[in-house]
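Here is a short tour of one chain, written to be read alongside the model.

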Amino acid sequence: MPAAGTRVDVLLAPVSGPWLKVGDVVDYVRAVGPRIVVPIHDAMNSEAGNGLADRLVATLGGTIEYRRLGPGDTLAVGLSLDGAAAVSGEGWRGTSSGDIT
């Protein structure tokens, strides 16, 4: 896990667990400041539980983009020629230059 204050383009953030408080996730997302947050560790949540986590982390975390991947969705992360993260995969909209739309 990146230390607080480390800047990353894409952060896989746990949003559920017996050891986790969503407020701590929001604080961590704010501290790291990613362009994109992908929630993980949420398989045991109900649809309503995931919806609540999504709303809280996406609206309070201060990130530019929040994306939930469904079962079977793929995500490819690399670098574009300018060094920015290039993200592609099912459920993602992007251009060949790596810009997220």
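## Helix H1 and its covered face

Val25, Val26, Tyr28, Val29 and Val32 are the buried residues of H1, where buried means under 20% relative accessible area, exposed over 50% and partly exposed in between, with a 1.4 Å probe and protein chains only. Looking down the axis of H1, these buried residues fall within an arc of 165°, so they line one face of the helix; the arc is that of the directions from the helix axis to the C-beta atoms. An α-helix has 3.6 residues a turn, so residues three or four places apart point the same way.

The cover over the buried residues of H1 includes E1, E2 and H2. Just after H1 comes Gly33, with a positive phi of about 65°.

## What kind of model this is

This is a predicted model, in which local features need pLDDT of at least 70 and side-chain atom pairs count only at pLDDT 80 or more, while totals for chains, interfaces and linings use all residues. Residues are numbered from 1 along each chain as its sequence is written, and side-chain values use heavy atoms, leaving out hydrogens and water.

## The chain as a whole

The chain holds two helices and five strands, arranged along the sequence as β-α-β-α-β-β-β. Helices (H or I, at least four residues) and strands (E, at least two) are DSSP runs, numbered from the N terminus. Of the 101 residues in the chain, 33% are buried.

A contact means heavy atoms within 4.5 Å. Among contacts between residues at least 6 apart in sequence, 63% join residues at least 24 apart. The chain exposes about 6,100 Å², and carbon and sulfur atoms supply 58% of that area, which comes from the Shrake-Rupley method with a 1.4 Å probe.

## Strand E2 and its partners

How much of strand E2 is buried? Four of the five residues in E2 (residues 36-40) are buried, leaving the strand mostly covered. E2 pairs with strand E1 (residues 10-14) in the parallel sense over five bridges; two strands pair if DSSP finds at least two bridges between them. Within this pairing, Ala13 stands opposite Pro39 in E2.

## Helix H2, inside and out

Helix H2 (residues 47-60) has 14 residues and reaches 20 Å from its first C-alpha to its last, close to the 20 Å expected at 1.5 Å a residue; that expected span is 1.5 Å times one less than the number of residues. Asn50, Gly51, Ala53, Asp54 and Val57 are buried in H2. Down the axis of H2, its buried residues fall within an arc of 165°, so they line one face of the helix. They pack against H1, E2 and E3, whereas Ala48, Arg55 and Thr59 are exposed on the other side of H2.

Not counting residues up to four places away in sequence, Asp54 touches Pro39, Thr59, Tyr66 and Arg68. Just after H2, Gly62 takes a positive phi of about 75°.
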